[in-house]
Amino acid sequence: MTLWQKIGNILAALGLILLGAVLIYTNRFDYSVFIKLEGLDAETAEFLKTFDFHNIPYYIVLTVLSCALLFHGLHLIIFYFTMARHMNGGRSMLYRGVLFIDLAILTFSIQSVPVTYIMAYLIGLLAFSGAIDVFGALDARKIHGHWKLKMIRGLVTIAFAIYAFMNLNTPEYCVYIYSASLFYNALMRIISVFRHNDIVTIQ
C-alpha cells in the first residue's frame with residue numbers, strides 16, 4: 001500500500017466515522033423544536049408540519065453515497081483515458097466507471113420513494129460491498145496474499161446487512177445498525193493502513 005493509498009484510507013475511515021455519528025445524531029434529534037418555532041410565515045410553518053424529519057438520516061446517506069459513487073466513477077473514467085486504455089483489459093475500467101456513475105444517479109434519485117425501500121436499497125448495497133470483499137479475499141488467497149482481514153470484513157459486513165434486513169420494519173433501529181457497519185468498516189480501514197504488507201511475487 002502506497003503512502004497516498006494509506007492517506008486515502010485514513011480519510012475514508014474518518015469520513016465513515018463522521019457519517020455514522022451524524023446519522024445517529026439526526027436519528028435521535030427532537031425535530032419538534034422546528035414545528036414550535038414562532039414568527040414563521042404561513043407557508044414555512046405548513047411545510048414544517050408536513051415534512052417528515054425522520055427521513056433526514058436517509059437523505060444524508062443517499063446524498064453522500066451518490067457523491068462517493070460519482071467521484072469513483074469519474075476517477076475510473078479518467079484513469080481509463082489517461083492510462084488504462086493502453087493496458088490489456090483496460091476497457092473494463094471504462095465500463096465500471098459508467099456503471100458507478102449510473103449507480104450514483106440512481107442512488108440520488110430514489111430519495112422520494114418510501115423509507116422502507118430506501119433502507120432495503122442501502123442494505124442491498126451493504127451486502128454487495130461485503131460480497132466484493134469476500135470474492136477479493138478468495139482471489140488474494142489463490143496468490144498467497146493477505147486475505148484473512150478482507151474475508152473477515154466481508155463476512156461481518158454481510159452479517160450487518162442480514163441483521164438490518166431482519167429489522168427492516170423498524171427504520172430507526174436500522175439506522176443504528178447501518179451506522180455500526182460504517183464504524184466497523186472505518187476501523188478495518190485503519191487496521192489495514194497500519195498492517196505490514198509483504199510483497200507477493202508470481203513465479
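Start at the N terminus and follow the protein chain along: its elements run α-α-α-α-α-α-α-α. That gives eight helices and zero strands, where helices (H or I, at least four residues) and strands (E, at least two) are DSSP runs, numbered from the N terminus. What you have open is a predicted model, in which local features need pLDDT of at least 70 and side-chain atom pairs count only at pLDDT 80 or more, while totals for chains, interfaces and linings use all residues. Residues are numbered from 1 along each chain as its sequence is written, and side-chain values use heavy atoms, with hydrogens and water left out.

**The whole chain**

Of the 203 residues in the protein chain, 34% count as buried; buried means under 20% relative accessible area, exposed over 50%, and partly exposed in between (1.4 Å probe, protein chains only). Now for contacts, meaning heavy atoms within 4.5 Å. Among contacts in the protein chain between residues at least 6 apart in sequence, 69% join residues at least 24 apart.

**Into the core**

Next, pick Leu23, Met119, Leu122 and Tyr178. These are the residues with the most contacts inside the largest nonpolar core, which has 28 residues. A nonpolar core is a set of buried Ala, Val, Leu, Ile, Met, Phe, Trp, Tyr and Cys residues joined through side-chain atoms within 4.5 Å. Which elements give two or more residues to this core? Colour helix H1 (3-28), helix H4 (56-82), helix H6 (115-142), helix H7 (148-166) and helix H8 (171-194), and you have them.

Stay on Leu122 and show what surrounds it. Not counting residues up to four places away in sequence, Leu122 touches Val61, Leu62, Leu65 and Tyr178. There is also a second, separate core of five residues, including Ile77, Ala84, Leu94 and Ile101.

Time to look at helix pairs. Two packed helices are described by the angle between their axes and the distance between the axes. The axes are lines fitted to C-alpha atoms, for helices over the stretch in contact, and angles run from 0 to 180 degrees between N-to-C directions.

Select H6 and H7: they pack at an angle of about 160°, with their axes 7 Å apart. That is why H6 and H7 are roughly antiparallel to each other; angles under 35 degrees count as roughly parallel, over 145 as roughly antiparallel, 65 to 115 as roughly perpendicular and the rest as oblique. The crossing of H6 and H7 is left-handed, meaning that the near helix is turned anticlockwise from the far one by less than a right angle (clockwise would be right-handed).

Show side chains here: residues including Ile123, Leu126, Gly130 and Val134 in H6 meet residues including Met151, Leu155, Ile158 and Phe165 in H7. By class, the contact of H6 with H7 has 14 nonpolar, five polar and three charged residues. Ala, Val, Leu, Ile, Met, Phe, Trp, Tyr, Cys and Pro count as nonpolar, Asp, Glu, Lys and Arg as charged, and the others, Gly among them, as polar.

**H4 against H6**

H4 and H6 pack at an angle of about 40°, with their axes 11 Å apart. That makes H4 oblique to H6, and the crossing of H4 and H6 is left-handed. Tyr58, Val61, Leu62 and Leu65 in H4 meet Val115, Ile118, Met119, Tyr121, Leu122 and Leu125 in H6. Sorted by class, the residues of this contact are 10 nonpolar, no polar and no charged.

**H1 against H8**

Now go for H1 and H8, which pack at an angle of about 160° with their axes 8 Å apart. H1 and H8 are therefore roughly antiparallel, with a left-handed crossing. Their contact has 17 nonpolar, six polar and four charged residues.

- Ser66 is in helix H4. Ser66 is buried, with a relative accessible area of 6%.
- Ser181 lies in helix H8. Its relative accessible area is 0%, so Ser181 is buried. Leaving aside neighbours within four places in sequence, Ser181 is in contact with Leu126 and Phe160.
- Leu99 sits in helix H5 (residues 91-109). Is Leu99 buried or exposed? With a relative accessible area of 56%, Leu99 is exposed.
- Leu168 is in the loop between H7 and H8. At 13% relative accessibility, Leu168 counts as buried.
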